[in-house]
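Me: I would like to learn how to read pockets and charged contacts in a model of this kind. Could we go through them one feature at a time?

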Amino acid sequence: MTVKSRLPALIGEKQRTENRLINVAAISQATGVSRQTIYNWTNPDYNLERFEAKTIEAFCEYFGCDVGDLLTVVPPRQ
């Protein structure tokens, strides 16, 4: 099994809800999470292996979500 980020979906939902574009720089400024970390979390080809509590807390606070909304477990392909 693999843990995958749902950050792109959360960004899309927030953009639709707030009717505005939200870029990486805005998320970085609001959360204190580096741009590179945000890029890694939004890149479907990047294999997230470590999850820092501060990063998860910052994303959950910014998006108003729980950890289960931010991360999902994907079963291995058969």
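Me: How many nonpolar, polar and charged residues are there in the lining of the largest pocket, by class?

Reply: The general idea is to sort the lining residues by class before looking at any one of them. This is a predicted model, and in it the lining of the largest pocket has 6 nonpolar, 6 polar and 4 charged residues.

Me: Which residues lie nearest the centre of the largest pocket?

Reply: Of the 16 residues that line the largest pocket, Thr-37, Trp-41, Arg-50, Glu-52 and Thr-55 lie nearest its centre. Helix H3 (35-42) and helix H4 (53-63) are the elements that give two or more residues to this lining, and the volume of the pocket is about 290 Å³.

Me: What links Arg-50 with Glu-52, and how far apart are the closest N and O atoms?

Reply: As a general idea, a salt bridge is read from the distance between a side-chain nitrogen of Lys or Arg and a carboxyl oxygen of Asp or Glu, with a cut-off of 4 Å. Arg-50 and Glu-52 form such a bridge, their closest N and O atoms being 2.6 Å apart, and both residues are among those nearest the centre of the largest pocket.

Me: Is Arg-50 buried or exposed?

Reply: The relative accessible area is compared with two cut-offs, buried being under 20% and exposed over 50%, with partly exposed in between. Arg-50 counts as exposed because its relative accessibility is 63%, whereas Glu-52, with a relative accessible area of 41%, is partly exposed.

Me: Where do Glu-18 and Lys-14 lie?

Reply: Both Glu-18 and Lys-14 lie in helix H1 (residues 7-18), where they are 4 residues apart, about one turn of the helix. Lys-14 is buried, its relative accessible area being 16%, while Glu-18 is partly exposed at 34% and Arg-20 is partly exposed at 38%.

Conventions: Residues numbered from 1 in each chain as written. Predicted model: local features only at pLDDT ≥ 70, side-chain atom pairs only at ≥ 80, totals over all residues. Heavy atoms only, no water. Buried < 20%, exposed > 50% of the residue type's maximum accessible area, 1.4 Å probe, protein only. 1 Å grid on protein atoms, 1.4 Å probe; cavity = no way out; pocket = protein on both sides within 12 Å on 5 of 7 lines; lining within 4 Å. Points joined across faces, edges and corners; volume = space filled by probe spheres on them. Nonpolar A, V, L, I, M, F, W, Y, C, P; charged D, E, K, R; others polar.
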